Amino acid sequence: MIKSIKNFNFKHADSNFDDYIIKYQKLERGLTRFASNMLTQNIVQEKDSIIFTGYKDRKKITLSTNNTTTEGINDLLARTQEMLKYSLEDLEYVPSYDGSENNENEVSNEVSNEVTTDKASEKDEQEKFLRMKMVGAALSKVRTDANSPLNLNISGTAESAKQFVAVATKNGARRFLKRSFAEYSNTIEYAGERAALKMSCNKETDIDYLNVFDSALEDVKLIVKKGKRSFDPGRYDVLLSSRATSDFMGVLFSYGLDRRSYDEGHSPLVGKIKSKIADSSISIYTDPLSSKLSSANFTSEGRPIKKHYFIKDGILEDLPTSPFWANKNNLKEWSMGNIIWEDNNIFEKDLLKQIKRGFYIKEFWYIRMVRKNDFTLTGMTRNGIFYVEDGEIVSSSNHFRWNESPLSVLNRIVAFSKGYERRSFGGFDNYFPAILVKDFYLSSKTGF
Amino acid sequence: MDKLLLEVLNFLVASGKIDYADVRYRETFTEDIITSNNVLKNYNNHDDRGVGIRVLKDGCWGFASTSKFNDIDSLLKYANIAIEIAKQASYFQNHNSSNRIKLTKLTADQIIREGKYKTPIVIDPFKVTAKDKLNILFAVHENVKNKQGFKRIDGTMKFKKFHQFFYSSEGSRIENEIYLNDVSYTITVVEDGDFQSRTFFGIPKTAGFEWILAQPIVEDSTRLAEEALIKLKASKVTPAKRDLIILPSNLHLTIHESVGHPTELDRVLGWEANFAGTSFATPEKKGNFQYGSDIVNFRADNNLSGGLATIGFDDDGIPSKSFDIIKDGILVGYSTTRETAHLIGESESMGCNRADSYALMPINRIPNLSLMPGKKLLTLEELIADTEDAILIDGRGSFSIDQQRLNFQFGGDFFQEIKNGKIVGPLRDVTYQAISYEFWRSCDAICDQRFWQTHGTLNCGKGEPSQTQHMTHGASPARFRNISVGGA
């Protein structure tokens with residue numbers, strides 16, 4: 001193992017900065033997009049970059065560049081030194097991580113070389129082909145169906161990417177991560193209605209793209225076959241698919257639910273740590289080493305991410321706590337790396353049978369915060385909403401706007417299913433079940 | 001760079017394997033400053049350079065990008081990849097569907113042989129020190145830190161500059177150099193177990209640092225801190241149908257979502273059906289659909305001074321244009337690109353194809369799009385005096401709209417109730433919800449040119465992979481009748 005990031009002059013950095021954090025990232029991505037039954041985009045992209053945060057006399061600045069040649073990086077360090085003179089003191093400075101808990105990982109030239117040589121490009125050839133194969137399979141269905149009563153209009157995306165991330169600090173942290181990401185999604189329009197499905201995972205070969213297509217087709221056929229009925233807004237029992245649950249509950253972790261906001265009094269959870277906020281069957285945690293959903297076990301600053309409960313048996317255990325806030329208040333620092341809902345073995349379709357009268361919602365869209373005080377969100381249903389009576393799908397429905405708080409919904413979950421993996425390139429990977437919710441507020445309807 | 005790009009372009013043309021190609025080099029410099037109280041949270045300087053190569057062959061695109069921009073071998077490698085994946089795409093397309101990408105033709109006169117555009121600036125923001133920038137945000141903190149209920153202030157400044165060279169196989173040679181900036185901060189107050197916030201929304205523009213200095217960043221903070229406290233004690237709105245007077249600081253986002261996106265032609269044609277969505281404003285409605293009341297006029301203007309989409313030329317090499325989208329309430333146009341314009345019988349693109357970096361293909365984006373001022377002289381005071389019962393809305397809040405751009409719901413940052421022609425007090429937790437065209441049809445008064453203001457969107461997300469883009473939306477204060485409020 002060579003303890004350096006390619007082209008980076010550690011000696012220079014050690015002698016010129018009081019502290020530093022270096023992050024090296026390399027991305028190789030291919031993406032093919034189709035719409036209106038034709039290929040509309042076809043992309044191959046490679047990019048690498050160095051992000052350097054330097055400290056001098058407690059002043060802080062971060063510079064980054066994608067010129068990762070020796071000259072480019074040396075120029076970056078020189079500019080950092082110069083610009084630090086005009087920066088200001090970071091009053092919440094915390095020394096970079098010392099690596100005491102992650103000696104098993106070392107930044108390795110061996111690894112960084114591997115992702116930058118032509119060997120990787122040879123692998124790309126196969127991946128390009130597989131992406132095209134996925135898209136070709138979807139387009140071939142259109143051709144087949146062009147001669148049948150089905151007149152499909154399809155759109156979608158096949159994506160595969162490889163990412164390499166290395167983090168090193170002056171104080172000795174050495175972390176690296178190699179990951180791959182693959183996603184296939186399609187939206188199928190038939191007889192003026194649409195259904196959609198998406199699958200994401202780490203390995204492109206694990207994408208069951210034929211099933212993604214067939215399931216979406218099955219849904220849109222069901223919408224057309226059952227017909228659409230118009231329903232008024234109101235409170236209804238709803239079954240949220242795992243995808244809709246992920247969209248809805250995942251927001252809890254992207255709008256700053258953190259310990260500092262809690263302690264300063266501007267959090268909807270004030271006073272609720274160690275209190276019951278959900279049914280006792282519900283536990284949500286982060287665990288990068290989980291067999292259900294492995295993910296990066298370090299933050300962008302190289303700090304470790306370990307298993308930690310957000311909710312355990314319905315009790316709010318803790319909120320993510322920054323290193324500064326933890327040091328200042330004698331708390332334990334921790335960060336979310338992924339989000340895992342402790343699931344069971346019930347299938348989504350079995351939950352449907354428990355609905356007396358309500359809706360089965362496949363997907364949400366355009367979710368935004370309305371009111372931070374109680375964490376009320378708004379959003380729309382999209383691509384698949386079914387009216388259900390006595391456990392059976394009766395018809396399709398008009399789409400609705402909804403206004404709801406996931407914190408409130410946590411107390412109205414009647415049942416949940418087995419979880420499903422959902423990978424994200426840039427956000428948290430998550431593992432959420434489908435959930436059956438009482439009295440979900442569908443606040444207005446739209447024109448389709 | 002010039003020589004390298006031409007070498008790549010000549011290689012592509014000489015290969016005989018392309019019907020069209022363009023090569024874009026872009027270098028982007030961004031500076032993001034984030035503060036909390038008097039603490040520097042982040043001071044990030046990022047530079048990003050590379051080349052994107054776009055090839056069209058037999059109606060299929062191939063696009064490859066690399067950050068190894070100064071190495072001809074690397075560039076030629078990616079040029080070959082672009083050719084090859086276009087060929088592969090064509091193979092799959094041939095076997096499955098007759099649909100093909102075509103570009104709206106350019107006449108010899110329409111090809112920009114030598115084009116250059118640079119944002120007019122007085123002070124280069126990248127030559128202003130961090131200390132001078134931070135001191136503005138820290139001065140705001142100093143001004144409000146002892147105000148009643150004050151808990152926290154979160155500030156941001158953003159500066160961006162990009163320099164692009166675009167060369168096409170049709171003979172275009174275009175250079176553009178764009179500067180833009182933005183500043184904002186949010187003051188949070190906590191009292192009696194409750195919290196509220198108020199935000200200074202700077203007006204983002206393509207401009208130099210002089211525009212930051214021209215805005216009342218510190219001056220407005222006293223009022224905003226007081227208004228945050230007022231919000232704590234304000235009455236919650238009762239759900240009902242109400243009249244609204246909406247200020248440009250809020251209305252620009254409603255324009256963006258309910259007019260800008262629905263009239264992007266790629267979306268109208270279903271090209272975003274899998275992600276950003278489609279549109280109710282379908283082509284057969286052009287020329288006959290009552291989108292708004294007859295005083296509602298929307299004009300796109302990518303030559304607007306300071307406009308966030310004022311970049312000289314788009315990434316098809318089309319010069320910036322001005323055109324009507326809604327005239328006297330009727331839908332009359334769309335934002336278009338060379339890929340889409342001909343599909344609705346248009347002979348030329350409106351120049352709205354933009355990529356957010358060298359690394360991705362350009363896509364159909366919203367232009368600078370504005371609600372034109374009312375033609376009759378009308379001040380805000382006169383409009384309020386003429387209103388019996390309404391809510392006055394200032395600043396951005398939450399925003400959400402369905403995938404066909406019909407049902408929307410917006411919040412705001414500060415709400416005041418109007419009774420019998422006078423402002424009588426604050427309200428809180430106001431949201432307004434409507435169907436896009438019903439909302440614009442309900443518009444019965446727009447203040448005149450003197451009250452017309454631009455605001456803008458810096459993070460308009462669209463496309464797969466997701467791209468962000470920026471555009472300006474201008475408006476004068478306007479009144480809307482009988483809109484649902486408070487349903488959240």
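A: Let's begin with a term: a salt bridge is a side-chain nitrogen of Lys or Arg within 4 Å of a carboxyl oxygen of Asp or Glu. D48(B) makes one with K47(A), where the closest N and O atoms are 3.3 Å apart. That pair crosses between chains, running from strand β2 of chain B to strand β2 of chain A. Helices (H or I, at least four residues) and strands (E, at least two) are DSSP runs, numbered from the N terminus.

A word on the basis: this is a predicted model, in which local features need pLDDT of at least 70 and side-chain atom pairs count only at pLDDT 80 or more, while totals for chains, interfaces and linings use all residues. Residues are numbered from 1 along each chain as its sequence is written, chains are lettered from A and ligands numbered from 1 in the order in which they are written, and side-chain values use heavy atoms, leaving out hydrogens and water.

Another salt bridge joins D47(B) to R79(A), at 2.8 Å from N to O. Side chains of opposite charge can pair when their charged atoms come close. There are also 48 residue pairs in polar contact between chain B and chain A, both residues being at pLDDT 80 or more. A polar contact is a pair of N or O atoms within 3.5 Å; within protein, one must be able to donate a hydrogen and the other to accept it, and residues adjacent in sequence count only if both atoms are side-chain atoms.

On the chain B side, helix α2 (residues 72-96) gives the largest share of what touches chain A, with twelve residues. By class, that side of chain B has 36 nonpolar, 33 polar and 21 charged residues; Ala, Val, Leu, Ile, Met, Phe, Trp, Tyr, Cys and Pro count as nonpolar, Asp, Glu, Lys and Arg as charged, and the others, Gly among them, as polar. With contact meaning heavy atoms within 4.5 Å, 90 residues from chain B and 81 residues from chain A take part.

D47(B) turns up again in the strand pairing, where T65(A) stands opposite this residue in β2(B). Here strand β3 (residues 59-65) of chain A and strand β2 (residues 39-57) of chain B pair in the parallel sense over four bridges. Two strands pair if DSSP finds at least two bridges between them.

Now to strands within chain B. Strand β16 (residues 389-394) and strand β19 (residues 414-419) of chain B pair in the antiparallel sense over six bridges, with I391(B) opposite E417(B). Strand β19(B) also runs antiparallel to strand β20 (residues 422-428) of chain B, joined by five bridges, and K419(B) has K422(B) as its bridge partner in β20(B). Two residues lie between the strands of this hairpin, in which N420(B) takes a positive phi near 50 degrees.

Elsewhere in chain B, an open sheet of four strands has the order β12-β11-β10-β15, with antiparallel pairing. Its edge strands, β12 (330-331) and β15 (369-371), each pair on one side only. Strand β11 (residues 322-327) of chain B is joined to β12(B) by two bridges, and K327(B) stands opposite I330(B) there.
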